[in-house]
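Student: I would like to learn how to read a predicted model with some care. Could you take me through one, feature by feature?

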Amino acid sequence: MQLIIAAVGHKMPGWIETGFSEYTKRMPPELRIVLKEIKPVERSGSKTAATAMALERERIEAVLPKSARLIALDERGKDLTSVGLSQQLMQWQQDGRDTVFLIGGADGLDPELKARAEGLIRISSMTLPHGIVRVMLAEQLYRAWSITQNHPYHRV
């Protein structure tokens, strides 16, 4: 099973790439984290937020595996604890489907994509830069896996 992070945005600063890489390399081979970067739509005077999100949706859909579970990151999503995410991760592993976490661009995720998602998760109630969200999500996925393994990384 793969955990795929489909994130709108590219050319992240080195410290974001380093932080993200730190957690992805800790994951076991049977539960790899894979990043799919989607180039954001250039905003011009003629493009509305809705138009940009729809174009980014098309770019996101192009990288999605056919039978993957979609989880959208959204400020109105479910607020999970690390233990809650670990329980969710165990359930997902049981059916073996790849799970894709969707991170939208500056305007967010297209409503159609959010409607197709099997779940919405909130990383924070605060607005965060998308690069930091990548690092936080990778860390929380590693933490969730470590909880399932009774690894000492997560202390209760």
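Student: How many bridges join strand 1 to strand 2, and how many join strand 1 to strand 4?

Tutor: Strand 1 (residues 2-8) is joined to strand 2 by seven bridges, and I5 has L35 as its bridge partner in strand 2. Five bridges join strand 1 to strand 4, again with the two running parallel, and here I4 has V100 as its bridge partner.

Student: Which part of the chain lies between strand 3 and strand 4?

Tutor: Strand 3 (residues 69-78) pairs with strand 4 in the parallel sense over four bridges, and R69 stands opposite T99. The chain passes from strand 3 through helix 3 (residues 82-95) to strand 4, and this β-α-β crossover is right-handed.

Student: Is D110 buried or exposed, and with which side chain does the side chain of D110 make a polar contact?

Tutor: The general idea is to compare the relative accessible area with the cut-off, which for a buried residue is under 20%. D110, found in the loop between strand 4 and helix 4 (111-116), has a relative accessible area of 9% and is therefore buried. The side chain of D110 makes a polar contact, at 2.8 Å, with the side chain of R57. Leaving aside residues up to four places away in sequence, D110 touches M53, A54 and R57.

Student: How should I read P40, and which residues does P40 touch?

Tutor: P40 lies in the loop between strand 2 and helix 2 and is partly exposed, with a relative accessible area of 27%. Not counting residues up to four places away in sequence, P40 touches V8, G9, H10, E56 and R59. From C-alpha to C-alpha, P40 and R57 are 10 Å apart in space, and they are 17 residues apart in sequence.

Student: How many aromatic pairs does the structure hold, and how are the rings of Y23 and Y142 placed?

Tutor: The structure holds four aromatic pairs. For each pair one reads the angle between the planes, where over 60 degrees counts as edge-to-face and under 30 as stacked, with the rest tilted. The rings of Y23 and Y142 have their centres 6.4 Å apart and their planes at 40°, so this pair is tilted. The pair links distant parts of the chain, with Y23 in helix 1 (residues 14-24) and Y142 in helix 5 (residues 130-148), 119 residues apart, and both residues are buried. For W92 and F101 the centres are 5.8 Å apart and the planes are at 65°, so that pair is edge-to-face. W92 is buried at 6% relative accessibility, and F101 is buried with a relative accessible area of 0%. Ring pairs also link Y23, Y142, W145 and Y153 into a cluster.

Student: What is the phi of K11, and what is the phi of N150?

Tutor: K11 has a positive phi of about 55° although K11 is not a glycine, and N150, also a residue other than glycine, has a positive phi near 55°. K11 sits in the loop between strand 1 and helix 1 and is exposed, with a relative accessible area of 73%. N150 sits in the segment after helix 5 and is exposed, with a relative accessible area of 70%.

Notes:
Residues are numbered from 1 along each chain as its sequence is written. This is a predicted model: local features need pLDDT of at least 70, side-chain atom pairs count only at pLDDT 80 or more; totals for chains, interfaces and linings use all residues. Side-chain values use heavy atoms; hydrogens and water are left out. Two strands pair if DSSP finds at least two bridges between them. Buried means under 20% relative accessible area, exposed over 50%, partly exposed in between (1.4 Å probe, protein chains only). A polar contact is a pair of N or O atoms within 3.5 Å; within protein, one must be able to donate a hydrogen and the other to accept it, and residues adjacent in sequence count only if both atoms are side-chain atoms. Contact means heavy atoms within 4.5 Å. Rings of Phe, Tyr and Trp (its six-membered ring) pair if their centres lie within 6.5 Å; planes under 30 degrees apart count as stacked, over 60 as edge-to-face and the rest as tilted. A crossover is right-handed if, with the strands pointing away from the viewer, the path from the first strand over the helix to the second runs clockwise.
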